[in-house]
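The following exercises lead through one protein structure, each with a worked solution. Please keep the sequence and the model in view while working.

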Amino acid sequence: MRYLLSALVLLAMVSCATAASEAGMAEVSGEVLYFERIAAPPNARLEVVLQDISRPDMAAERLGQMIVENAGQPPYEFRIQYDPAQIDPRHTYSVAARLYDGEELLFVTDQVHQVITRGFPSKATLRLRRVGNAPAHPLDDLPATFKGTLPCADCPGIDYHLNLLDDGVYFLRQTYQDREGGPFDDIGRHLLSSDRDQLTLYGGREAPLRLAIAAPDTLRLLDRDGGHIESELNYNLSRQPEFQPFEPQLLLGGMYRYFADAGRFQECLTGLDMPVAQEADNRALEEAYLAASEQPGEALLASLEGRIAQRMPMEGPGPVPTLVPERFIGISPDQTCPPPMKLADLKNTYWRLSLLDSEGVQRAPDQREPHLVFHEENRLAGSDGCNRIVGAYEREDASIGFSRLATTRMACPEGMEQARRFLQTLEEVSQYRIIGQHLEMLDESGNLRLRFEAVALH
């Protein structure tokens, strides 16, 4: 009888949805799932709501909902009808879901899934977290695979397969549709911004890739400056239910060492320290190393075309990442890997100004370059490019503010107007984030006003 009632409820929902569609209604849709390997109870109740969350000081306003009794097992599909006349393009809307066993809450969405306005689509994948078992951040649960087809200027689309590993390493495969050659692989380090809202991929490409964490299961490609791409095209990568490994194959550089009849390779971009498979072009690599090394076991920079495969080690648990040297290129005894990419510290770093309100910064000869240094005890020092700056700063989470700013009053041959604009902009910013080795400051509207690059103080 209960299942019959449930079927009647679903039938009524379909009938209402059809009538609403004919009345000019719109809808949000998608699916709800969870990754925990436990079954939902037979009488689980699913609730999905569409809500206006624009006012943080007020309760969210519901615009529609869907309730399914005896929901069964995930994934669950959802469709919620709403009146487009109720949508304000200036507002923020989201969908959220809960799964109950009777009155007991089992699973809940613990992140904001935006829809409809501000460039977000009307479809969403909602990932549920078990109550009391949610990670602090959606990317704390790694490894993970994200996939999507993103726009291409001269082809139907680019298929992205992004694997984020739990040791800060990423593998990215891009396949250009209807184009010969490829796929094209890239590897490197992934870093969260200090506000944990953006992910940056530092690899072998000329410029890093920046992605917004648009939802717990969605990464959205940003432009090179970290701004949202204004387009109706899809720029989202969706998290897959299961991790999907692949073996990247590309040009590699790293520190190679050979000892006790075995080779190891520490790749420069990722820091992965891998055993080397004794196959393909391994003999050429070994012979070149032995000819160039001056003492046993020393590390020398090697270049090669290779594949990172998963193989069982000689001993111990596995599989483990293993380098297959497809084609040896050369040994460079006098070179080493650059320092690994990491998130810079706000304090005690020399921050050189590189961008001022979307314009590059001019540096005058024989004058200090514009920069800031955040010292202990909230003391600020630096230069506007003409005069010294002193003052104080306060920060809390991603917020920052400056006070008691003062400068010397020397007249400079060049850069006076730029110096004035720099000081004025400092008083207008209210937020900051650190992206790798860059510091960005934004105003209350979220507009990027200042960008700095880090120079370590010794």
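**Exercise 1.** Determine which residues of helix H3 are buried and how they are placed around the axis.

*Solution.* Step 1: Helix H3 covers residues 416-426; helices (H or I, at least four residues) and strands (E, at least two) are DSSP runs, numbered from the N terminus. Step 2: The buried residues in H3 are Gln418, Ala419, Phe422, Thr425 and Leu426. Here buried means under 20% relative accessible area, exposed means over 50%, and partly exposed lies in between (1.4 Å probe, protein chains only). Step 3: These residues lie on the same side of H3, because they cover an arc of only 130 degrees around the axis. The arc is that of the directions from the helix axis to the C-beta atoms.

The model is predicted: local features need pLDDT of at least 70, side-chain atom pairs count only at pLDDT 80 or more, and totals for chains, interfaces and linings use all residues. Residues are numbered from 1 along each chain as its sequence is written, and side-chain values use heavy atoms, with hydrogens and water left out.

**Exercise 2.** Describe the protein as a whole by its secondary structure, extent, burial and contacts.

*Solution.* Step 1: The secondary structure consists of three helices and 31 strands. Step 2: Along the principal axes, the C-alpha atoms fill a box of roughly 80 × 70 × 45 Å. Step 3: The protein has 458 residues, of which 44% count as buried. Step 4: Among contacts (heavy atoms within 4.5 Å) with a separation of 6 or more, 54% join residues 24 or more positions apart.

**Exercise 3.** Characterise the largest pocket by its volume and its lining.

*Solution.* Step 1: On a 1 Å grid over the protein atoms alone, a pocket is an open set of points where a 1.4 Å probe fits, with protein on both sides within 12 Å along at least five of seven lines; lining residues have an atom within 4 Å of a point. Grid points are joined across faces, edges and corners, and a volume is the space filled by probe spheres set on the points. Step 2: The volume of the largest pocket is about 1,400 Å³. Step 3: Its lining has 42 residues, of which Gln114, Asp197, Ala212, His228 and Arg433 are the closest to the centre. Step 4: Strands S15 (209-215) and S29 (431-435) each supply at least two lining residues, and S15 gives the largest share, four residues. Step 5: By class, the lining has 14 nonpolar, 16 polar and twelve charged residues. In this count Ala, Val, Leu, Ile, Met, Phe, Trp, Tyr, Cys and Pro are nonpolar, Asp, Glu, Lys and Arg are charged, and the others, Gly among them, are polar.

**Exercise 4.** Examine the backbone at Pro143, Pro183, Asn70 and Glu377.

*Solution.* Step 1: Leu142 and Pro143 are joined by a cis peptide bond with omega of about 10 degrees; Pro143 lies in the loop between S9 (129-130) and S10 (144-150). Step 2: The bond from Gly182 to Pro183 is also cis, with omega near 5 degrees. Step 3: Asn70 has a positive phi, near 50 degrees, and is buried at 14% relative accessible area. Step 4: Glu377 likewise has a positive phi, near 60 degrees, but this residue is exposed at 70% relative accessibility.
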